[in-house]
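Dear colleague,

Please find the structure below, together with its sequence.

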Amino acid sequence: MSFVQFRLAALSLLALALPGHEALAQDKVVHVYSSRSHYGSEPVFAEFTRRTGIRVEFFSGNNNEVFERLRAEGPRTKADLLISVDAGNLWNAARAGLLAPIQSPTLAANVPAHLRDPESRWFGIAVRARTIMYSTERVKPAELSTYAALGDPKWKGRLGLRSSNNIYNQSLLASWIKRHGEAKVEGIVKGWVANQPVIFDSDSKLLEAIAAGQIDVGITNSYYLARLINQKPGFPVAPFWADQSGAGVHVNISGAGVTAHAKNRDHALALLEFLTSPEAQRIIGDGNFEYPVNPSVTPHPLLATFGTFKADDIGTAAAGEHQAAAVRLADRVGYR
C-alpha cells in the first residue's frame, strides 16, 4: 500500500471509529475553488469520494473570478483547496498569501521539484507541453527547429499565435526570460511580430485554422491537439517538439495548493496527495490528455503517438516571477 493510499484509508477508518460516525461521514467535505475548464465534472473527484467518503464541493469560474473571490473572502472563506491552470496563477495566489506551505513526503515524491513551488505552497497535478504545431499537408518537419525560428521570413503570413494577454504565452515568455534573459527573448518575439502573425483567442481555434489552411504553423498546448484528434481521427495537424538541441519544450502545469485559511486542511491535503498519485494521474490523463506530473505514470496512448521530447526543466515558478517582465516585453515589441 502506498503512503497516499494509507492516508486515505486512515481518514475513512477514523470517521468510522468515532461515536456518531454516520453523522461525521456526512460532514466529511473538502471545498475546492477551481478554474480548470472541467471544474467538478472530472471523474477523479468522484473516485476520491468513493475511496474516502469525503465529499468534494466546488466553486468554479475563470482564474480571475476564483482568485478575486478567495482574496475577498479572506479568513471567512470556505475554500480548502485552490486548483488553477498555469503556474503563473498559482504563483500570484501564493504571493498574495492565499496558499499555505505544506510539508508532505508524498507530494515531494510524486511531483518533481521543477513542477512545484520552491516554498511548497503549490504542486502540479498535470503537465501541459506548449510547442509548435504544423500542417501535415503543407509543412515538412525538417522545416522546423526552434521557437525562435518561427521568426524566419518564410513564415510571414503563415504563423498563428495567441494574444500576448493570454496567460499561457505570458508564462512561456516569462520562463524564457529566466532561462535566456530579456534581450534574447525580445529578439525572438520581434521576429514573430515581423511575420505578422494571425492572433487567436483560443488554442483550439488556432489548430482549426491550421487544418483549414488559413495558417501553417502556430504554438499551442498539446492537449488541445489531442482532444481534436480524438474527436476527428486524421486531423491534419501534428506537434513538433521545439528546441530539442537546446533547453527543450516549454512545459507548464495545472496545479493546486491548500488555502491559507482552510477549515478542512487534512481533507484538502488528502485530496492533493491523491491527485498526484499514480491512480489519479491516470484518470486525469485519460480525461484531458495532459501529461502526468508523477514520473512513474506513462502518458495516455494517444499522447504516445506524438513521440517523446526533452522538456525544459526550468522551474515553473518562473512563470510568476517574471510575468510582469514578460508583459512589458510584449508591449515593447508590439506583440498584442
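A residue is called buried here when its relative accessible area is under 20%, and exposed when that area is over 50%. Please bear in mind throughout that this is a predicted model.

By that cut-off Asp243 is buried, because its relative accessible area is 15%. Asp243 lies in the loop between β8 (237–240) and β9 (250–258). Although Asp243 is not a glycine, its phi is positive, at about 55 degrees.

Asp86 is placed in the loop between β3 (81–85) and α5 (87–95). Its phi is near 85 degrees, again a positive value in a residue other than glycine. With a relative accessibility of 0%, Asp86 also counts as buried. A positive phi occurs at a glycine as well: Gly213, which follows α9, has a phi near 85 degrees. Within helix α9 itself (residues 203–212), the buried residues are Asp203, Leu206, Leu207, Ala209, Ile210 and Ala211.

I turn next to the interior. In soluble globular proteins, nonpolar side chains tend to be buried together. The largest nonpolar core in this model comprises 104 residues, and the members that touch the most others are Leu81, Leu144, Leu150, Leu173, Trp192, Leu271 and Phe306. Strand β4 (residues 123–135) makes the greatest contribution to this core, supplying eight residues.

Ala126 counts as buried because its relative accessibility is 1%. Once residues up to four places away in sequence are set aside, Ala126 touches Arg36, Asn252, Ile253, Ser254, Ile284, Glu290, Tyr291 and Val293.

Helix α3 (residues 43–52) and helix α12 (residues 278–288) have axes that come within 9 Å and cross at roughly 150 degrees. Angles over 145 degrees count as roughly antiparallel, and α3 and α12 are therefore roughly antiparallel to each other. On the α3 side the contact involves Pro43, Val44, Glu47 and Arg51, which meet Glu279, Ala280, Ile283 and Ile284 in α12. Sorted by class, this contact has five nonpolar and three charged residues, with no polar ones.

Helix α8 (residues 182–194) packs against helix α15 (residues 323–332) at an angle of about 45 degrees, with the axes 10 Å apart. The two helices, α8 and α15, are therefore oblique to each other. The crossing of α8 past α15 is right-handed. Glu182, Val185, Glu186 and Val189 of α8 form the contact with Ala325, Leu329 and Arg332 of α15. By class, four of the residues in this contact are nonpolar, none is polar and three are charged. An α-helix has 3.6 residues a turn, so residues three or four places apart point the same way.

With kind regards

Key
Residues numbered from 1 in each chain as written. Predicted model: local features only at pLDDT ≥ 70, side-chain atom pairs only at ≥ 80, totals over all residues. Heavy atoms only, no water. Core = buried A, V, L, I, M, F, W, Y, C linked by side-chain atoms within 4.5 Å. Buried < 20%, exposed > 50% of the residue type's maximum accessible area, 1.4 Å probe, protein only. Helix = DSSP H or I, 4+ residues; strand = E, 2+ residues; numbered from the N terminus. Axes fitted to C-alpha atoms, helices over the stretch in contact; angles between N-to-C directions. Parallel < 35°, antiparallel > 145°, perpendicular 65-115°, else oblique. Contact = heavy atoms within 4.5 Å. Nonpolar A, V, L, I, M, F, W, Y, C, P; charged D, E, K, R; others polar. Left-handed = near helix turned anticlockwise from the far one by under 90°.
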